[in-house]
Amino acid sequence: MAAIELAGLRKTYPGGVTALDSVGLSIADGEFFALLGPSGCGKTTLLRTVAGLEAADGGAVRIGGEDVTALPPGRRDVAMVFQDYALFPHMTVSDNIAYPLRIKKVGGAERRAKAAETAGALGLGALLGRRPGELSGGQQQRVALARAMAVRPRAFLLDEPLSNLDARLRLEARTFLKRLQRELRVTCVFVTHDQAEALALADRIAVLEAGRVRQTGTPVEVFRRPANTFVASFIGSTPMNLLDGVVAEDGRVLVGGVPLPAGPHGLAAGERVTFAVRPEYVGLRGTPAPGALPGRVTVVEHLGSTRLVTLDGEAGPVRAVVDEDAPLPAGGTGWVVPRPERVLLYGADGGLITA
Ligand code: ATP
C-alpha cells in the first residue's frame, strides 16, 4: 500500500512567502496524480515536502499509512526524479541506474543485473555503456526514471519530468510515461505548470494557486466543471470566455445587454455573475439570432484542424473555436452562440454557482 495522505501542510519561507497554506490531499495507491499550477504556486515545495527534502512548518505526511513527517528522505521509500534529471555526467548509464543500489549496499553482480533489467524495461538496453552527455534529452529522462525505478520505491515523485524535452519528444515521452505508470501501477505524483500535460497524463489533478489547493478532480471534472474562475481560466488550451453578466427577470443572463440561456442557477434577478463558456462550446454565425452575442472579428488564429476566432463585443473579447473550413462571418461581424448546457455561472467570490 502506498497511498499518500497530506494533512494541513504549511510552509512559510524566510522572507515571508507562504508556499503551502494548509494543503490537504489524499492520493490513492497506484494513482497517477498531478500537481498543477502557475509558477510560484508551491508545487515544487509540496513535492519536496513529500520527499522529505523540505520540512513543513506544520501538518503531516503519511505514506502507505505510516506517518513519515519526521523521517529523513532516505527512509521514506519514495524516489524523486528532478527536472534536470541530475545524472552523474562521469558515470555510464549502467552506473547511474545502479547508483542508488550501491548506496543501499546491494552487491556488485546483483546491482548490474538489476540495472540491466530496469534499463531493458525502459528501452535503454543498448545504451548502458554511454555517458549522459552522449544521450538525447528523452534518453536522459529515461535514465533518470530507470535510476528511480531500480530501487522499487513505494512512490515516484516527478518534478516537471518532461520540461527539458522539445515539443515532439515531449509528446512521445508523455505517452511512454503513462504506459509505464499503467504497467507498474505505482503511485506517481508529478508536478507540472502545463495544463495540457496534466489533463493528458493524470488520473486526478490538484490545481494550486498561491499555496492553496483550489480544486481536486479528474481531468474531465476540472475541464468541464472548474470549481472557481481561477481554475476555469487556468485549464484549457484556449482560455475560457469569462464575461460579466447580470441575471434577468426570466432567469437568463444579460451579457453586454443580450439575454443568454444559462441553465438552472436559482439566483435572483439583478445578481451579478461571471458567465463562462469555453471557446470550443460556442457556435459562430454570420447573422443575428436570439441568444447570440454580436462582435467584430479581430483575430483569427490557425490551430491546425480548427481556428480560434476572437471577436470584440459589448462585453469584451469573446473567443470561438471553429472548424478549419467553416466560413468566417462576411463583413467582419459575427454572432457567438454559447451552448446553454455548457454554460457555467460563477458568483462574485469566483465560486461555481451552476448546479
Ligand atoms: P515553479 O513552477 O516556478 O517551479 P512552484 O509552483 O514549484 O514554481 P515553488 O518553487 O514551490 O513554486 O515556490 C513557491 C514560492 O516559494 C515561490 O513564491 C518561491 O519564490 C518561494 N520559494 C521557493 N523556495 C524558496 C526558498 N528556498 N526561499 C525563499 N522562498 C522560496
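Let me begin with phenylalanine 275, which touches Leu243, Gly245, Val253, Val255, Leu260, Ala262, Val343 and Leu345, leaving out residues up to four places away in sequence. Contact here requires C-beta atoms, placed from the backbone, within 7 Å of each other.

Two remarks on the source. This is a predicted model, in which local features need pLDDT of at least 70 and side-chain atom pairs count only at pLDDT 80 or more, while totals for chains, interfaces and linings use all residues. Residues are numbered from 1 along each chain as its sequence is written.

Phe275 also belongs to the largest nonpolar core, which has 93 residues. Such a core is a set of buried Ala, Val, Leu, Ile, Met, Phe, Trp, Tyr and Cys residues joined through C-beta atoms within 7 Å; buried means 20 or more other C-beta atoms within 10 Å of the residue's own, exposed means 12 or fewer, and partly exposed lies in between. Together with Phe275, the members that touch the most others are Ala34, Leu35, Ala155, Leu157 and Val189. Helix α4 (residues 137–149) gives the most to this core, namely six residues.

I turn now to the strands. Helices (H or I, at least four residues) and strands (E, at least two) are DSSP runs, numbered from the N terminus, and two strands pair if DSSP finds at least two bridges between them. Strands β16 (residues 293–302) and β17 (residues 306–313) run antiparallel and are joined by seven bridges, with glutamate 301 bridged to leucine 308 in β17. Three residues separate β16 and β17 in their hairpin, and glycine 304 in the turn has a positive phi of about 110°. β17 also pairs with β18 (residues 316–323), antiparallel over eight bridges. Arginine 307 has valine 322 of β18 as its bridge partner, and two residues link β17 to β18 in a hairpin.

Finally, leucine 352 is found in the segment after β20 (344–346). Is leucine 352 buried, exposed or partly exposed? Leucine 352 is partly exposed, because 19 other C-beta atoms lie within 10 Å. Beyond its neighbours within four places in sequence, leucine 352 is in contact with Arg225, Pro226, Ala227, Asn228, Leu344 and Tyr346. Threonine 274 is 78 residues from leucine 352 in sequence, with a C-alpha to C-alpha distance of 9.4 Å.

Note on methods. Contact = placed C-beta atoms within 7 Å.
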